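Visitor: I would like a close look at a single part of this model, followed by a connected account of what surrounds that part.

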Amino acid sequence: MAGNNKTDRVFSSYVSGFEGEVVTIEISLTPGLPSFDIIGKCDSAIKESKTRILTAIKNSGYKIPKGHITVSISPAFLSKTGTGFDLPIAIGILRVSNQIPSYGSAVYACGELSLNGEVHTTPGSMIRLTSIKNSQYDAVLVSSEDRDCSACSHVPCSFVGTLKEVCDMFRTQSFNKQLPKLPVNDEKNQEYIDFSVLKGQEKASRTVLLAAAGWHNTLLIGSSGSGKTTAAEIVRGLLPDLSTNELSETFSLINALGFAENISSDLYKRPFRSVTPSINASALIGSASGLKPGEICLANRGVLFVDELCEFTSKMIDHLRIPMESRVVSLKNGRKSISFPSDFLFVGASNPCRCGMYFENPNKCTCSKAIRNGYLNKLSGPFIDRIDLCTELYSVNANALKESVKNSDKRKSIELRKMVSACWEIQHERYKYTDNPLALNGSFDSDNLSDVLRADKSVIEIAAEAASVGGYSVRSFKRLLKVGRTIADLDERKDLSRNDITEAMSYRFRRIV
Amino acid sequence: MNLRSKLLWSAAVNLGFLNNRDITELLNLGAIKVFYEIFTQEFFNRINNIECSDKVLLKLKEIRRNLSNINNEAAKYEKIMKEKGMFVITEEDDDYPYYWKCLTGMPRLIYGIGKRDIIETESNGAIAIVGSRKCSRYSEVVTAEFTSAFVNSGITIISGMASGIDRVAHQTALSNNGKTIAFLAGGVDNIYPWSNKDIYDALSNNGLVLSEMPPGTKAMKQYFPSRNRLISSLSDTCLIMEAGQHSGTLHTASFAAAQGKTVFVLPNSIYCEENRGGLELIADGASILIDAQSVIDEVSECCFYKLINSGKSIISKKIEDEINDTATRIVDELKVKPRSADELVRITSVSYSELSIILSELEIKGKIIVQCGKYALTI
């Protein structure tokens, strides 16, 4: 009987957390009464695939071989999930029953089958393709819906629409490998909010510019209606569009969550995620049990706007602390730990006190002193350390508006966007050969900052003096230098000067006395 | 001569011919412009035309009759003053303390010896440090420690040159090259207690000794309470380091409270009899002295208001030398009221990035602070 035993092997992969795991699928056909088993710690979605596979094979005009069909997915000790194994199993069954010829030794396939034999993509195909980037396969078969994933991950694929097409490819032995190109970003069509709405708010205007130019965590404090949300949107508008590298990173995440299958021009816009105090911790950070990324990961390479920051519980605020510094979220579930990138630009907004009037007119503020003190004190010291820029916003009255129009220097949003882009280029040039080549001033860290940032002794001295006056921690001190660096970069100056530091100092958060 | 007429006034008061209230009456009537005008011949000529109360008229006539007596007394003062190098400060002078202008019953004329400019405490603040003559080692140590902290912040130390706490306070201030003022109960030429001669000598060279009593007056028991009112009146806060149950220090505390100053009391053991009075002050609601910083904060707040109200601009003069015109403009604007960065941009028409540099420089120098989102002068 041994001679009749036949096995075949197809490669595939699944998504675990934010990483792809490559698996080997072995299909064996042995004589006996017809049966179909899938083993290898599979979840119910994979078990259900039996019916889909068998129906799809039949509807594509092929036969179900008679005998025991055993499918083993290894490594067997890892729990697997997802419906992408439909296609490789079907290919294996057709090959092991000699209905289609074999091709080479290594075939990779991934895709979900519909009952009539169509091949569909499944969430996370981007991640899966990235995981096989460095492996050699004779053929990579994916759904034709996965063109953008292939383009982003730079893995040439054979795109198939139905199971029948797959069989034809095997029969003719021509797999037609392609590497599609990404759709081009049409920057002119992107619409962003106009910078001039911040007229009359000089400090706030400068702050948003610096935040965008240097990727600095920012805190906006002002009464309701003073334009905090607008200011945050302007920050996003000033940021350069995503580069293709960054686009792959953000796309793989939204692709993993099944939010988007195709790249439209909109995807070149940086993410802008707005969270409000009603959010819970797992939605904000991500959930460990489901290994699902939260809002702070979706804001990766974009803006995380936290509105009404002081209405959050202090525990929630402190959840943000580590990602704001390390730019990565680590979730743990049992022994498994996964990391999601979360290099977001933090923009927080808060009222100065509970009633919100303290900055406008202290006499109109109805808060008691204790409530007022407690309000912003919710922000812990370590959290404040990580805030690079802080600005107050005021409701602009009509008179001030008139005056500001008189004094206006007609800065245009487009010009500022160009300034920010130029500033980013300078920074990329500086950090190109460091551990973190994509870093900007706000996200860069190093032990000998003063050398990298080109700050001479006198500049460090004034910064130290400022730190002792303001009672800064070492972290705040470093961040002061980095903000100073951004100011110098905007002016395209090589060396950090005393004035950069003193200006940077005016943006540090101060406790309201 | 001006000095002579001032001394004549002082002599008349000292000899009991006149008191403060009579002068106030005359000033209010517009009969005289300054208090020492009554000793001019022109004034004596028009005495009968003044519509003052009979009592005052009687007194003035009495003075005219005893003018030679008064003259002799004043000559005596002038002689001592010349010998010792003393000076007088009157309410007409620019350096007459701002606090005294706000309070009633403060001396119109005060005698001093030492460095006259120390009396200017509007910009740097002053703290009264008082306590028992027989003090415990604990309060002595604390007094020395706190005094040096205050002096190093530039604050003037005011005390009464008595032995015990007063002595420690003056001594520490002097050894730290700080400013210190002693108020004596008798005349400033009258060293009391004699055991503090070393302090007196140091004070008359590097500090300031003041008294409202004319030169040659012996320190008498009944003068001490009124001396204590002067100690508290010139200071921004009053620190009671140790006070027995019937101590004179308690007078200083109650004067300070009446003058609206914060009173800090150093807490001590309940078994320490010498500090019974201090503990009772705490029970009555005085602030407890725990650290130097809270006192310094209190003083700087007082200074802030003093400077704004007195309209002096000692600070801005210094800043002008250090920074530029914009800084001066900013400081001038902030004198009116605290302002936000945006308002300052509008006022000065300087871009925020330039303005912020100046603001931060001023902040590093401790001239301005940010309060409820706005920049304000510290002092």
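Visitor: In what order do the nine strands of the open sheet in chain B lie, and what kind of pairing does this sheet have?

Guide: The model is a predicted one, and in it the nine strands of the open sheet in chain B follow the order 1-2-6-5-4-3-7-8-9, with pairing that is mixed. The edges of this sheet are formed by strand 1, residues 87-90, and strand 9, residues 287-288, of chain B, each of which pairs on one side only. In general, the strands of a sheet pair through backbone hydrogen bonds, and they do so either parallel or antiparallel. Strand 1 of chain B runs antiparallel to strand 2 of chain B, residues 109-114, and four bridges join the two; within that pairing, Thr90(B) has Leu109(B) of strand 2 as its bridge partner.

Helices of chain B lie across this sheet at more than one place, as two cases show. Helix 1 of chain B, residues 2-14, lies across strand 1 and strand 2 of chain B, and its direction makes an angle of about 115° with strand 2 of chain B. Helix 7 of chain B, residues 137-152, lies across strand 3 (126-131), strand 4 (156-159) and strand 7 (237-242) of chain B, and runs at about 155° to strand 7 of chain B.

In the loop between strand 4 and helix 8 (165-175) of chain B sits Met161(B), whose phi is near 55°, a positive value in a residue other than glycine. In the loop between strand 5 (180-183) and helix 9 (197-206) of chain B lies Pro193(B), and the peptide bond that leads from Tyr192(B) to Pro193(B) is cis, with omega near -10°.

Chain A also has a cis peptide bond, which joins Ser74(A) and Pro75(A) with omega of about 5°; Pro75(A) has its place in the loop between strand 4 (68-74) and helix 2 (86-96) of chain A. Chain A, too, contains an open sheet, here of five strands in the order 11-14-17-10-18 and with parallel pairing. Its edge strands are strand 11 (272-275) and strand 18 (389-393) of chain A, each pairing on one side only, and neighbouring strands of this sheet are turned by 15° against each other on average, direction ignored. Inside the order, strand 10 (residues 218-222) and strand 17 (residues 345-350) of chain A run parallel and are joined by four bridges, with Gly348(A) of strand 17 as the bridge partner of Leu219(A).

As for how the chains meet, 28 residues of chain A are in contact with 20 residues of chain B, and the two chains bury about 2,100 Å² between them, 57% of it on carbon and sulfur atoms. On the side of chain A, Glu202(A), Tyr394(A) and Arg510(A) lose the most area to chain B, together 21% of what that side buries. Two salt bridges are counted between chain A and chain B, and a salt bridge is found between the side chains of Glu361(B) and Arg498(A), at 2.7 Å from N to O. Helix 20 (498-505) is one of the helices of chain A that supply at least two residues of the side touching chain B, and helix 20 of chain A gives the most to that side, with five residues. By class, that side of chain A has twelve nonpolar, six polar and ten charged residues.

Methods: Residues are numbered from 1 along each chain as its sequence is written. Chains are lettered from A and ligands numbered from 1 in the order in which they are written. This is a predicted model: local features need pLDDT of at least 70, side-chain atom pairs count only at pLDDT 80 or more; totals for chains, interfaces and linings use all residues. Side-chain values use heavy atoms; hydrogens and water are left out. Two strands pair if DSSP finds at least two bridges between them. Contact means heavy atoms within 4.5 Å. Axes are lines fitted to C-alpha atoms, for helices over the stretch in contact, and angles run from 0 to 180 degrees between N-to-C directions. Buried area is the accessible area (1.4 Å probe) that two parts lose on being put together, summed over both. A salt bridge is a side-chain nitrogen of Lys or Arg within 4 Å of a carboxyl oxygen of Asp or Glu. Ala, Val, Leu, Ile, Met, Phe, Trp, Tyr, Cys and Pro count as nonpolar, Asp, Glu, Lys and Arg as charged, and the others, Gly among them, as polar.
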